[in-house]
Amino acid sequence: MNDTRRAVLDALADGPIGGPALAERLGVSRAAVWKHVEALRDAGFEITSASDGYVLDEVPEFGGPAVEYGLDAPFEVEYHDSIPSTNDRARALAAEGAEDDVVLADEQTGGRGRLDRAWSSPTGGVWLSVVCRPALAPSRVSLLTVAASAAACGAVRKTGVDARIKWPNDLLVPDPDAARGGRKLAGLLTEMEGEAGKVSWVVLGLGLNANVAPDDLPPDATSLLGERDGDPVDRRVLTQRFLERFDALRTDPDAARDAWREHAATLGQRVRVTLPSETIVGDAVDVTDVGALVVDTGSERRVVHAGDCEHLRPAE
Ligand code: BT5
């Protein structure tokens with residue numbers, strides 16, 4: 001959304017305002033105001049013209065302008081009803097030089113997990129990717145994953161669902177009957193490009209099973225809809241909360257790590273971490289300042305930067 005359109009919405013949010021007053025406030029013509037109001041109506045905003053001016057009656061349930069409306073973070077949101085993968089689209093935007101763009105979709109037809117696994121993305125989810133250009137060394141990019149998982153967990157918990165972070169990139173809802181002690185609610189896919197020790201861009205993909213029926217998801221997955229007994233969440237507010245919190249945490253590693261620890265399910269667990277060349281079993285005792293897991297194997301402490309992590313039952 002361009003700045004003037006955002007300013008039109010801000011003005012409408014403050015109450016009825018006439019066309020001439022709006023034009024004066026924004027320093028544009030009355031015809032330009034009318035065009036912006038029409039475009040907003042096309043985007044699903046219900047704006048009526050009363051005797052005392054334009055009134056904003058309703059904000060759309062979801063979409064780019066809906067998420068940008070009132071958003072306290074510097075992101076521009078490109079919305080798609082359906083797209084193969086928001087990460088692929090965000091990578092293309094990043095290659096063109098984008099920064100702080102968010103690609104958001106209601107459905108993905110080719111959603112990806114890590115290691116080219118498929119990510120099931122039916123309609124009703126929050127599937128999004130953020131293009132970042134952080135001033136970070138490549139070895140510290142995992143800080144963004146820490147910030148994003150803490151932000152996603154915080155946003156989810158505000159919907160009343162008791163989510164926890166499973167290192168490195170999952171949100172789980174604890175469930176002792178589930179094979180892994182919990183059911184997967186969300187996952188993160190961080191991709192980057194850089195050279196000569198410098199990051200060019202990072203694309204942070206979040207897949208969050210929001211208003212999706214658990215039956216439409218793989219086994220051992222869950223959704224906010226399922227956890228809330230069929231009561232859908234406000235995806236606009238959920239997405240805004242995630243983006244605002246992520247924006248605050250991405251430049252504050254200490255706060256990100258504290259928030260991560262507060263919601264971590266992995267710390268204190270016995271874990272099995274599968275790496276390309278070996279498997280490590282031990283107690284997860286800490287997370288480093290860049291989000292690497294510290295595993296105490298009994299004979300040594302290993303620092304693990306990436307890998308698939310299983311929470312083991314104490315006997316395993
Ligand atoms: C992840 O991979 O958890 C990262 C998922 C990232 C998805 C987002 S959606 C927006 C953006 N655009 C994309 O194309 N991707 C990102 P991983 O840890 O590899 O987990 C993948 C595994 O989770 C699969 O092999 C399934 O077992 C399981 N899975 C697939 N879809 C799921 C879902 N919707 N909910 C829970 N689990 C799922």
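Leaving aside neighbours within four places in sequence, Arg6 is in contact (heavy atoms within 4.5 Å) with Met1, Glu68, Leu71, Ala73 and Phe75. Before going further, note that this is a predicted model, in which local features need pLDDT of at least 70, side-chain atom pairs count only at pLDDT 80 or more, and totals for chains, interfaces and linings use all residues. Residues are numbered from 1 along each chain as its sequence is written, and side-chain values use heavy atoms, with hydrogens and water left out.

Arg6 sits in helix 1 (residues 3-13); helices here are DSSP runs of H or I with at least four residues, numbered from the N terminus. With a relative accessible area of 19%, Arg6 is buried, a word that means under 20% (1.4 Å probe, protein chains only). A polar atom of its side chain lies 3.5 Å from the backbone oxygen of Ala73.

Now follow helix 1 to helix 3 (residues 30-42): their axes, lines fitted to C-alpha atoms over the stretch in contact, come within 10 Å and cross at roughly 80°. The two helices are therefore roughly perpendicular, the term for angles of 65 to 115 degrees. On the helix 1 side, Thr4, Arg5, Val8 and Leu9 take part, meeting His36, Val37, Ala39 and Leu40 of helix 3.

Finally, look at helix 6 (residues 142-157) and helix 9 (residues 253-263), which pack at about 50° with axes 8 Å apart. Among the residues in this contact are Leu143 and Val146 from helix 6, and Pro253 and Trp260 from helix 9.

How values were computed
Buried < 20%, exposed > 50% of the residue type's maximum accessible area, 1.4 Å probe, protein only. Polar contact = N/O pair within 3.5 Å; in protein donor to acceptor, adjacent residues only side chain to side chain. Axes fitted to C-alpha atoms, helices over the stretch in contact; angles between N-to-C directions. Parallel < 35°, antiparallel > 145°, perpendicular 65-115°, else oblique.
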